[in-house]
Amino acid sequence: MKTCITTNKVVSGDFIEFKCPGCGERLVRSIAAREKSMVYKCKCGFTGP
């Protein structure tokens with residue numbers, strides 16, 4: 001089970017997984033959050049659109 005870092009909702013097939021540019025941790029974002037360029041923040045402090 002994966003959770004979107006932006007919305008904190010559980011995602012199934014509608015997500016993208018990538019490494020944080022700041023620390024390399026694996027992050028999950030929903031496609032909807034990504035398309036809307038919603039802000040996310042990694043636990044290392046890196047923020048992105």
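Guide: Four of the residues of strand β4 deserve attention at the outset: 4 of the 5 residues in this strand (residues 26-30) are buried, so β4 is largely enclosed by the rest of the structure. Buried here means under 20% relative accessible area, exposed means over 50%, and partly exposed lies in between, with a 1.4 Å probe and protein chains only. Strands are DSSP runs (E, at least two residues), numbered from the N terminus. The model is a predicted one, in which local features need pLDDT of at least 70 and side-chain atom pairs count only at pLDDT 80 or more, while totals for chains, interfaces and linings use all residues. Residues are numbered from 1 along each chain as its sequence is written, and side-chain values use heavy atoms, with hydrogens and water left out.

The partner of β4 is strand β3 (residues 15-19), and the two pair in the antiparallel sense over 5 bridges; pairing requires that DSSP find at least two bridges between the strands. Within this pairing, arginine 26 in β4 stands opposite lysine 19. The hairpin of β3 and β4 has 6 residues between the strands, and glycine 24 takes a positive phi near 90 degrees there.

The term denotes a side-chain nitrogen of Lys or Arg within 4 Å of a carboxyl oxygen of Asp or Glu. Arginine 26 is partly exposed, at 47% relative accessibility, and its side chain meets that of glutamate 17 in a salt bridge of 3.7 Å, N to O. Glutamate 17 forms a further salt bridge with lysine 2, where the closest N and O atoms are 3.1 Å apart. Because glutamate 17 lies in strand β3 and lysine 2 in strand β1 (residues 2-3), this pair ties together parts that are 15 residues apart in sequence. Glutamate 17 is partly exposed, with a relative accessible area of 30%, and lysine 2 is partly exposed at 31%.

Glutamate 25 forms a salt bridge with lysine 43, the closest N and O atoms being 3.4 Å apart. Glutamate 25 lies in the loop between β3 and β4, and lysine 43 in the loop between β5 (40-41) and β6 (47-48), so this pair ties together parts that are 18 residues apart in sequence. Glutamate 25 counts as partly exposed at 29% relative accessibility, whereas lysine 43 counts as exposed at 74%.
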